[in-house]
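Please keep the structure open alongside the text.

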Amino acid sequence: PGGPAGWKNCWYDIGLGVPSERKQLLLGGEMSMWSDTYCYTSQCGAYPGPTPAGHALFNPAHDAEFAKSVGGMIWPRGFVAAASFWNFDAAKDPTSDAFTAALWRLNDQLIARGALSCPTKCSCDQLTACGRPYLAPGATVAKQPDILV
């Protein structure tokens, strides 16, 4: 889910459990975005189940849509994680109105600068932003050829 429900788990203390005498060694954190749900099944092999949700965007002909999709999946969640890595404060509630409003303002500023982020007050997944598909209805999704590894 997008919004506070989607980013609340990104707000956490990365120093939790680190002894105080070792906290100065903690330099930051990392947020990963797994892309196996975009690979066409026969090409990445990392997704053994049914056809991955975002496989239609794997074709290089859809690179622009793929970029928007990945951007929408990462941001604004990534902003929340970065803020917690930099200056976690347990008193802040990532689902509060003030936190949410500040994050949407930042999101709007970065989108205005050209960032590929999930639109403000929206939910994004592999195939849609705000319920609108990245690929136009009827877009051709070519079958991907098998790649020998």
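The largest pocket of this chain has a volume of about 160 Å³, and the model in which it is found is a predicted one. The chain itself contains 5 helices and 2 strands, which follow one another along the sequence in the pattern α-α-α-α-α-β-β.

**The largest pocket**

- The lining of the largest pocket is made up of Trp11, Phe79, Val80, Ala83, Asn87, Lys92, Phe99, Ala102, Leu103 and Leu106.
- By residue class, this lining divides into 8 nonpolar residues, 1 polar residue and 1 charged residue.
- Helix H4, which spans 77-87, and helix H5, which spans 97-112, each supply at least two residues of the lining of the largest pocket.

**Burial and surface of the chain**

- Of the 149 residues in the chain, 31% count as buried, while the chain as a whole exposes about 9300 Å², of which carbon and sulfur atoms supply 59%.
- Among the contacts between residues at least 6 apart in sequence, 62% join residues that are at least 24 apart.

**Helix H4 and its cover**

- The buried residues of H4 are Arg77, Gly78, Phe79, Val80, Ala81, Ser84 and Phe85, and two of these residues, Phe79 and Val80, also belong to the lining of the largest pocket.
- The cover over the buried residues of H4 includes helix H1 (3-7), helix H3 (63-74) and H5.
- Pro76 lies in the loop between H3 and H4, and the peptide bond that leads from Trp75 to Pro76 is cis, with omega near 15°.

**Cysteines and disulfides**

- A disulfide is a covalent bond between the sulfur atoms of two cysteines.
- The chain has 2 disulfides, and when its bonded cysteines are numbered in sequence order the pairing reads 1-3, 2-4.
- Cys118 and Cys124 form a disulfide in which the sulfur atoms are 2.1 Å apart, and both of these cysteines, Cys118 and Cys124, are buried.
- The disulfide of Cys118 and Cys124 is right-handed, because the torsion about its S-S bond is about 95°.
- Cys122 and Cys130 form a disulfide with their sulfur atoms 1.7 Å apart.
- Cys122 counts as buried because its relative accessibility is 8%, whereas Cys130, at 31% relative accessibility, counts as partly exposed.
- Cys10 has a relative accessible area of 13% and is therefore buried.

**Positive phi values outside glycine**

- Lys121 lies in the loop between H5 and strand E1 (128-129), and its phi is near 60°, a positive value in a residue other than glycine.
- Because its relative accessible area is 70%, Lys121 is exposed.
- Cys130 is found in the loop between E1 and strand E2 (132-133), and the phi of Cys130 is likewise positive in a residue other than glycine, with a value near 60°.

Terms used: Residues are numbered from 1 along each chain as its sequence is written. This is a predicted model: local features need pLDDT of at least 70, side-chain atom pairs count only at pLDDT 80 or more; totals for chains, interfaces and linings use all residues. Side-chain values use heavy atoms; hydrogens and water are left out. On a 1 Å grid over the protein atoms alone, a cavity is a set of points where a 1.4 Å probe fits but cannot get out, and a pocket is an open set with protein on both sides within 12 Å along at least five of seven lines; lining residues have an atom within 4 Å of a point. Grid points are joined across faces, edges and corners, and a volume is the space filled by probe spheres set on the points. Helices (H or I, at least four residues) and strands (E, at least two) are DSSP runs, numbered from the N terminus. Ala, Val, Leu, Ile, Met, Phe, Trp, Tyr, Cys and Pro count as nonpolar, Asp, Glu, Lys and Arg as charged, and the others, Gly among them, as polar. Buried means under 20% relative accessible area, exposed over 50%, partly exposed in between (1.4 Å probe, protein chains only). Contact means heavy atoms within 4.5 Å. Accessible areas come from the Shrake-Rupley method with a 1.4 Å probe; for residues, only the protein chains shown count as cover. A disulfide is a pair of cysteine sulfur atoms within 2.5 Å.
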